[in-house]
Amino acid sequence: MAVQPMLKFTKIERDMPEKRDAKTRREDFNEIYAEYATAKAAEQSSRCSQCGVPYCQSHCPLHNNIPDWLRLTAEGRLQEAYEVSQATNTFPEICGRICPQDRLCEGNCVIEQSGHGTVTIGSVEKYITDTAWENGWVQPIKPVAERAKSVGIIGAGPGGLAAADVLRRAGVQVTVYDRYDRAGGLLTYGIPGFKLEKDVVMRRNEQLEQGGVKFELNCEVDADIFASIKAEHDAVIIATGVYKSRDLTMPNGEVAGIEKAIDFLTASNRKSFGDQVPEFDTGRLNAEGKRVVVIGGGDTAMDCVRTSIRQGATSVKCLYRRDKANMPGSQREVQNAEEEGVIFEWLSAPKGFTTDGDKVAGVMVQKMRLGAPDATGRQAPEDIEGADYVEEADLVIKALGFEPEALPTMWDQPALEVTRWGTIKAAFTTGKTQMDGVYAVGDIVRGASLVVWAIRDGRDCADAILAGFGTAAIAAE
């Protein structure tokens, strides 16, 4: 009788891949976690309880078949594990690195709830896909047959690229339009290398291009270009993401030295590619030698504080108006930031800025306490009267989240309806908008910025388009 390879969570403890020490990793932008060895990946996978109702799968936006590929990994059947993982996730090695597993699959693992420590799902997902690349199991897309139908995708972020992958595998002719000079969107220019090294993203871009996806880069879509894209293709997917930064309206908020998170992170990532970045070289978007204050509590704020540390800031502080338990960002990222020397000022909110001439000199901080729950159920922060002070700063980074751009106005398309939040109004499961042949995916629909949701919605949009095209559109090879 074969030995049962699973359900070893009572005998084997949770063990994450080795993490580089904080002093060393502060000095570069390389990823901080090592790769599992084959035996360790199999060992950690074998802790899965193979429960009858897999909450890890149901709490994954992509509904990845996690128990199956964990078992295959435990049995050493890595190519099959990769194929199962790839079947529902266009970029498993990327999700394995940057998904908030502590809030999704791992946070809902049955053995985690029983006190044994969750299965290291994200690290195994990363391992099996990196192994697939190393062994040549990841191949360019080769459709069984080509279709005459074409789709134009506006936006080369994770949602747009996921849709392109699904459509191209079905033989659809796909062109992706993007305002940047490299595809990848947030994956390329938003997320720092210590969480997602850029060669991981670039090889996926190359795979799509080798498989026949066409890229029109440095393409800033306006009314005329949108009309041209719509006329040229049988369907259009809007996957532009949400890049308009939320702002603060308060005294001295426009002086030099107060920057947007997206500008700061983009400059840093461009430098990692070896690009010429004048705003970085002049010091404007460079934290070296500066006292940095980051305002915000999400994952973008964590990216900013940890980037500032690596750029050589003299001090880095993060202001957040709630406490640590109510922080929206990943607790794992908060821990990593604390290890690297970031100081968190909990229950602290900005109320203005002090200046030295025409430059920022500090943040006027109002201390807070948590009061009654708000409409979302979270405790609403309240001012503590008389509890305010000035936090000195040479560089202030606003990481307050993002809002949608006014696309109907920018593209002169009043028929493209929006929600009360300004996002494109579209069917939740298909992304279909009120405009014939136009779909919207991912964060542009919901205003969310998590990559895994964008991937899911990109794939859903592609599936809806394929259903509309039907099998009659397939041409013989």
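Mentor: Start with the term itself. A salt bridge is a side-chain nitrogen of Lys or Arg within 4 Å of a carboxyl oxygen of Asp or Glu. Keep in mind that this is a predicted model.

Trainee: How many residues apart are Asp-275 and Arg-182?

Mentor: The two form a salt bridge, with the closest N and O atoms 2.9 Å apart. Asp-275 sits in the loop between α13 and α14, and Arg-182 in the loop between β2 and α10. The pair links distant parts of the chain, and the separation is 93 residues.

Trainee: Is Glu-259 buried or exposed?

Mentor: Glu-259 meets Arg-284 in a salt bridge at 3.0 Å, N to O. Arg-284 is partly exposed, at 40% relative accessible area. For Glu-259 the value is 9%. Buried means under 20%, so Glu-259 is buried.

Trainee: Which strand holds the Lys-351 partner of Asp-388?

Mentor: Asp-388 and Lys-351 form a salt bridge, the closest N and O atoms being 2.8 Å apart. Asp-388 lies in strand β12. The pair ties together parts 37 residues apart in sequence, because Lys-351 lies in strand β10.

Key: Residues are numbered from 1 along each chain as its sequence is written. This is a predicted model: local features need pLDDT of at least 70, side-chain atom pairs count only at pLDDT 80 or more; totals for chains, interfaces and linings use all residues. Side-chain values use heavy atoms; hydrogens and water are left out. Helices (H or I, at least four residues) and strands (E, at least two) are DSSP runs, numbered from the N terminus. Buried means under 20% relative accessible area, exposed over 50%, partly exposed in between (1.4 Å probe, protein chains only).
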